[in-house]
Amino acid sequence: MQSLIDNFGRQITYARLAVTDRCNLRCQYCMPAEGIAIVPRNELLTYKEMYRIIRVLTELGVTKVRLTGGEPFVRKDFMSFLEMLSFNDLLKTINITTNGVLIQKHIERIERLTKVKNINLSIDSLQASKFFKITRRAVFEDVYKTLELLEKSSLHLKLNVVVQSGFNTDEIVDFVKLTETKNIDVRFIEEMPFNGSGQREWKEQWNLIRILQEIQTAFKIDKILDKKSSTSKNYQVKNFKGTIGIIPAFTRTICNDCNRIRITSTGALKNCLFDDGIFNIRDFLRKGASDNELKILFLKLVKEKPENGFIAEANRTQGKVSESMSTIGG
Ligand code: SAM
Ligand code: SF4
C-alpha cells in the first residue's frame, strides 16, 4: 500500500475532519458573541464527499479519524454519517469532539459502533455561571449531565479544558480532583488565537509549564507514558483512577512526530493547524476527480507538510492566525 509520508519521514495515519462550521455555542476563545459568518450550505462538504475523502485516505494508511467541527451534532443526520463511516473496513478508530449539548440521546447508538472509542467533551468550567460566561449559552446542566452519562457508558471519556487566563485557571485543581474517582482523562489545552477575531486579551500566558506548576500546588503527580504522536504530555496522581494531560497547542513542542492532517468543513486540506489551508479538495472532487487522482494529490500534498507549527504560521498567505477554530475543526 502506498502511504502518506512527508519530507521529514513522518507518516500520516490520522485525519481530523470538521463536519460543519456551525455551532450552538459561542465560546469566547473560539468566536465573537455574534458568531462567525457561516458558509452557504452548498460550500460544505456533503457526507458522500466526506466518506469518499476518508475512504481514499484510509487506502493510503490513515487508520484513525476524529470528527469535529463546529459542533458535529448540529449537522442534520450526523449519526447516519457516523454509522456509514464505521462501515469503512480500513478504519480502526473514530473519535468525536463535542460540546456535549446534543449528544445525550445518541449515546446508546454510538456505543454500538465498536470503532468509536473516545469522546472528547469540551467543558471549561465546573461552575454554571462561569460556564455561561465562557460559552455565552445557559447549558451547563446539560453538559454536566452528558459528562456523567458518558462516564458511565462504554465509551472512553476525555475532557477538553481550554485554560483561559482570567477565567478558569482557579479551577485547574478542581478538574484534576475529578480524576480521583472518575476513569477519565482531563486534558488542559493552551489557549490559541483561533478566535474568529473575538479579540480575547490574554492577561497572562498559561503554557504547559505554568499549568503543571498550578497542578503541583495541590497534587504530587507522576509522569506517565505519552503514546507515540500523542498531542498531550500525560500525568497521574498516585492512586487516582483517571489521568491528566496538558496539550501544548500554542507552544508547539509536539510537532516532531505529528501524524495528522485536517480537512475543514469546506474541504480545505490543512497539513498543520497553523497553516491557512493548502488546497481545496472539495473543488477538486466537484470537478470530477477520480479516486486515483485524489490519491496522487494527497501523496503530493503531504510532502508540503511544514516541519513545525511555527514554520506553517510563517508561511501563511492570509495573514496572522485569527480564524475561528470552529471553521478549522479543533
Ligand atoms: N464544538 C466542539 C467542541 O467544542 O468540542 C468541537 C469543535 S471545537 C473547535 C474543538 C476543540 O477546540 C474544543 O475542545 C475547543 O475547546 C477547542 N478550541 C476552540 N478554540 C480554541 C482556541 N482558541 N484555543 C484552544 N482550543 C480551542
Ligand atoms: Fe462551538 Fe466548540 Fe467553538 Fe465552543 S469551541 S464555539 S462549542 S465550535
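Predicted model: local features only at pLDDT ≥ 70, side-chain atom pairs only at ≥ 80, totals over all residues.
Trainee: What makes Ala218 count as partly exposed?

Mentor: Its relative accessibility is 42%. Buried means under 20% and exposed means over 50%. The value for Ala218 lies in between, so Ala218 is partly exposed.

Trainee: Where is Ala218 found?

Mentor: In the loop between α7 (208-216) and β7 (221-223). Ala218 and Lys177 are 41 residues apart in sequence and 9.6 Å apart in space, C-alpha to C-alpha.

Trainee: Why is Ser229 called buried?

Mentor: Its relative accessible area is 11%. The cut-off for buried is under 20%, so Ser229 qualifies. Ser229 sits in the loop between β7 and β8 (233-237).

Trainee: What is the phi of Ser229?

Mentor: Near 65 degrees, a positive value in a residue other than glycine. Most residues other than glycine have a negative phi. Asp77 also has a phi near 65 degrees.

Trainee: Is Asp77 buried, partly exposed or exposed, and how do you know?

Mentor: Asp77 has 45% relative accessibility. That falls between the 20% and 50% cut-offs, so Asp77 is partly exposed. Asp77 belongs to the loop between β2 and α2.

Trainee: How do you know what span is expected of helix α1?

Mentor: The helix covers residues 47-58, which makes 12 residues. The expected span is 1.5 Å times one less than the number of residues. For α1 that comes to 16 Å, and the helix reaches 16 Å from its first C-alpha to its last.

Trainee: Which residues of α1 are buried?

Mentor: Tyr47, Glu49, Met50, Ile53, Ile54, Val56, Leu57 and Thr58. What covers them includes β1 (14-18), β2 (64-68), α2 (78-85), β10 (260-263), α8 (281-286) and α9 (291-301).

Trainee: How many residues does the largest nonpolar core have?

Mentor: It has 96 residues. Those with the most contacts inside it are Leu67, Leu82, Leu159, Phe188, Ile215 and Phe298. The largest share of this core, 6 residues, comes from α1. In soluble globular proteins, nonpolar side chains tend to be buried together.

Trainee: What does Phe298 touch?

Mentor: Leaving out residues up to four places away in sequence, Phe298 touches Leu4, Ile53, Val56, Leu57, Leu60, Ile263, Leu269 and Ile281.

Trainee: Why do β7 and β12 stand at the edges?

Mentor: The sheet is open, with 12 strands and mixed pairing. Its order is β7-β8-β9-β6-β5-β4-β3-β2-β1-β10-β11-β12. β7 and β12 (279-280) each have a single partner strand, so one side of each lacks a neighbour in the sheet.

Trainee: How do you know that β1 pairs with β2?

Mentor: Pairing needs at least two bridges, and 5 join β1 to β2, so they pair. The two strands run parallel. Tyr14 has Lys64 as its bridge partner in β2.

Trainee: What makes β1 mostly covered?

Mentor: 5 of its 5 residues are buried. Tyr14, Arg16 and Ala18 point one way, Ala15 and Leu17 the other.

Trainee: How many bridges join β6 to β9?

Mentor: 5 bridges join β6 (residues 185-190) to β9 (residues 243-247), and these strands run parallel. Phe188 has Ile246 as its bridge partner in β9.

Trainee: How many nonpolar, polar and charged residues are in the shell around ligand 2?

Mentor: There are 5 nonpolar, 3 polar and no charged residues. The residues are Cys23, Leu25, Cys27, Cys30, Met31, Gly70, Asn99 and Ser326.

Definitions and conventions
Residues numbered from 1 in each chain as written. Chains lettered and ligands numbered in written order. Heavy atoms only, no water. Helix = DSSP H or I, 4+ residues; strand = E, 2+ residues; numbered from the N terminus. Buried < 20%, exposed > 50% of the residue type's maximum accessible area, 1.4 Å probe, protein only. Contact = heavy atoms within 4.5 Å. Core = buried A, V, L, I, M, F, W, Y, C linked by side-chain atoms within 4.5 Å. Near = heavy atom within 4 Å. Nonpolar A, V, L, I, M, F, W, Y, C, P; charged D, E, K, R; others polar.
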